Amino acid sequence: MTRYDRLHQCNECEVTYEIVDADGAARLVTETVVVRYIFRFELEHLLVRAGFRVVALYGDYDSSPFDGGSLAMIFVAEP
């Protein structure tokens, strides 16, 4: 189950984990996780308003460029 809340920029997801004990007994645990997301230009705007200058933006921890296929959005900013 996933619920997408455009107003609050949140995704509500139901996640199920299988936990296996040391003796091999398995059990399922289901939780609802709410993740808030932020868009690139929104974060750039907030950083500038807070007195920071964006030095770089990467798409991963290997310093690869940020693009539409990036799995991460990593900002480097300085006051």
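In what order do the elements of the protein chain run from the N terminus on? The order is β-β-β-α-β-β, that is, one helix and five strands. Helices (H or I, at least four residues) and strands (E, at least two) are DSSP runs, numbered from the N terminus. This is a predicted model, in which local features need pLDDT of at least 70 and side-chain atom pairs count only at pLDDT 80 or more, while totals for chains, interfaces and linings use all residues. Residues are numbered from 1 along each chain as its sequence is written, and side-chain values use heavy atoms, with hydrogens and water left out.

Along the principal axes, the C-alpha atoms fill a box of roughly 50 × 35 × 25 Å. Of the 79 residues, 15% count as buried; buried means under 20% relative accessible area, exposed over 50%, and partly exposed in between (1.4 Å probe, protein chains only).

The structure holds two aromatic pairs. Rings of Phe, Tyr and Trp (its six-membered ring) pair if their centres lie within 6.5 Å; planes under 30 degrees apart count as stacked, over 60 as edge-to-face and the rest as tilted. Tyr 4 and Tyr 37 are stacked, at 6.0 Å centre to centre with 10° between the planes. Tyr 4 belongs to strand β1 (residues 2-5) and Tyr 37 to the loop between β3 (26-36) and α1 (40-49), so this pair ties together parts that are 33 residues apart in sequence. Tyr 37 also pairs with Phe 39: the ring centres are 5.5 Å apart and the planes stand at 85°, so the pair is edge-to-face. Together, Tyr 4, Tyr 37 and Phe 39 form one aromatic cluster. Tyr 4 is partly exposed, with a relative accessible area of 42%, and Phe 39 is partly exposed at 46%.

Another place to look is Ala 72, in the loop between β4 (53-58) and β5 (74-78). Is Ala 72 buried or exposed? With a relative accessible area of 19%, Ala 72 is buried. Not counting residues up to four places away in sequence, Ala 72 touches Tyr 58, Gly 59, Asp 60 and Phe 66, where contact means heavy atoms within 4.5 Å. The C-alpha atoms of Ala 72 and His 8 are separated by 20 Å.
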